Amino acid sequence: MNFKNNPKAFSPNSFTRYYPSWILILTVILLQIYLIFTTTCSVPRSHAAATDGHHFSKTVAEDPCSSGRVFVYDLPPIFNNELLENCQSLDPWTSRCDDVSNGGFGRRATELTGVVPDGLAPAWFWSEQYMLEPIIHNRILNHKCRTLEPESATAFYIPFYAGLSIGRFLWLNYTTSDRDRDSEKLIKWVQDQPYWNRSNGGDHFITLGRLTWDFKRWGNNQWGSRFAFMPGMKNVARLVVEREPSDPLDIGVPFPTGFHPRSDADVLNWQSFVRERNRTNLFCFAGGTRQEIKNDFRAFLLSYCVNDSGGLCRAVKCTGNRCASGDSVVLETFLDSDFCLQPKGDSFSRKSVFDCMLAGSIPVIFWERTAYGQYEWFLPDEPGSYSVFIDHKEVRNGSASIRGVLEKFSREKVRKMRDKVIETIPKIVYASAPEGLESIEDAFDIALHGIFGRFNQRPNGVSKR
């Protein structure tokens with residue numbers, strides 16, 4: 001149509017004829033633009049991650065801190081850094097300077113070269129089980145959701161290394177006053193901070209790197225401090241490696257293992273390595289005995305493994321520091337075994353549970369509180385999907401045979417359980433990357449998001465952002 005020479009071209013009637021066509025064309029163009037935008041802007045998971053399903057992807061959102069922000073108190077150094085500087089005094093018998101090195105990860109595990117894949121060896125350390133306090137502190141200082149403006153904080157972190165502090169006074173002739181002194185000073189300091197008073201500590205949290213019982217002295221008991229029972233701590237949430245199930249302020253978090261991945265690739269490569277491992281033992285046990293304990297169950301398991309398992313169990317007797325650092329035998333034993341026996345340690349929980357799972361071995365639990373109800377944010381909801389429970393009393397009285405129970409599992413069932421264990425690995429390790437991994441959530445990420453969720457749900461809470 002010649003619009004220039006036809007004055008009626010834009011008459012009301014002609015516009016009515018052509019209007020639907022223009023709308024159709026415009027609609028098609030807008031739909032194409034939308035499809036191009038949504039396709040190019042989506043963030044696909046890698047093929048390995050998509051097929052593995054072995055990690056949680058971090059939420060991609062306009063505000064990565066929409067769930068909350070954390071403010072970190074700048075405590076006087078006597079409560080944290082000076083403890084690290086005086087590492088020779090953290091233990092009455094030996095220096096702990098190796099343990100506190102590398103931000104709490106410990107010295108590098110060069111002895112594992114040749115045991116773990118070459119590219120992953122730098123991600124391995126000899127991490128001591130009670131070093132979680134500096135590990136968590138360093139991660140929070142570098143976290144993208146750390147805020148320097150307390151008015152915007154959802155949560156307030158108190159970086160007091162309470163476990164390292166109390167560890168100096170648990171033995172020998174120290175008094176209860178010695179064990180409580182630093183805790184009392186810390187509470188006095190934090191109660192003088194203006195943001196403490198808006199919730200009386202209800203939006204504050206702390207990491208306790210030792211068992212919860214080390215901070216709950218009561219009655220005539222002389223062990224530990226009264227830190228958790230002090231009035232100033234009655235509202236403060238606690239990330240602790242072993243919780244008391246009846247205490248709502250205790251939040252169980254994994255013990256540090258030796259693997260501290262630097263990237264998503266480290267996690268995925270390790271998962272592939274343990275999945276493809278050729279395992280030659282049906283089950284294993286690694287642990288030390290306690291001669292001072294009557295009818296020590298660990299001694300029973302060690303004897304059973306060596307003498308009564310029909311050659312299906314591999315035993316590692318831990319004496320001195322053999323299983324703590326400098327020896328690859330425990331990791332190799334877990335890597336070579338379908339199942340690993342996990343009795344309670346000095347208390348119900350045990351670092352070895354996480355070392356075992358990290359190696360892709362399936363834990364055999366004898367006390368429910370060793371794992372179940374302890375680490376609810378981190379371990380699968382269904383215990384039978386990743387572990388085997390055999391009551392220790394039935395093992396003792398002979399009504400249950402460890403070998404008999406484990407031999408009944410089909411190869412397919414073992415494979416499925418191992419897959420669940422390997423899927424859980426990212427959730428029980430602490431990354432060495434200061435800002436965390438790229439898209440995989442590690443134990444620290446899960447713990448912090450859990451804290452934000454808990455504080456956001458507080459009834460009668462204060463304004464959080």
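## About the model

This is a predicted model, in which local features need pLDDT of at least 70, side-chain atom pairs count only at pLDDT 80 or more, and totals for chains, interfaces and linings use all residues. Residues are numbered from 1 along each chain as its sequence is written, and side-chain values use heavy atoms, with hydrogens and water left out.

## The sheet and a helix across it

Strands (E, at least two residues) and helices (H or I, at least four) are DSSP runs numbered from the N terminus, and two strands pair if DSSP finds at least two bridges between them.

Strand β4 (residues 237-240) runs parallel to β5 and is joined to it by 3 bridges. Within this pairing, Arg 238 has Asp 250 of β5 as its bridge partner.

Axes here are lines fitted to C-alpha atoms, for helices over the stretch in contact (heavy atoms within 4.5 Å), and angles run from 0 to 180 degrees between N-to-C directions.

## Two cavities

A cavity is a set of points on a 1 Å grid over the protein atoms alone where a 1.4 Å probe fits but cannot get out; lining residues have an atom within 4 Å of a point.

The largest cavity has about 40 Å³ of space. Its lining includes Phe 160, Arg 179, Asp 182 and Phe 215, and both α6 (162-166) and α7 (176-191) give two or more residues to it. The second largest cavity has about 30 Å³. Ile 136, Ile 140, Phe 205, Leu 239, Phe 444, Ala 447 and Leu 448 line this second cavity, and α15 (443-456) gives the most, with 3 residues.

Finally, Ser 309 lies in the loop between α9 (297-307) and β7 (313-317). Leaving aside residues up to four places away in sequence, Ser 309 touches Phe 283, Tyr 304 and Arg 403.

Terms used
1 Å grid on protein atoms, 1.4 Å probe; cavity = no way out; pocket = protein on both sides within 12 Å on 5 of 7 lines; lining within 4 Å. Points joined across faces, edges and corners; volume = space filled by probe spheres on them.
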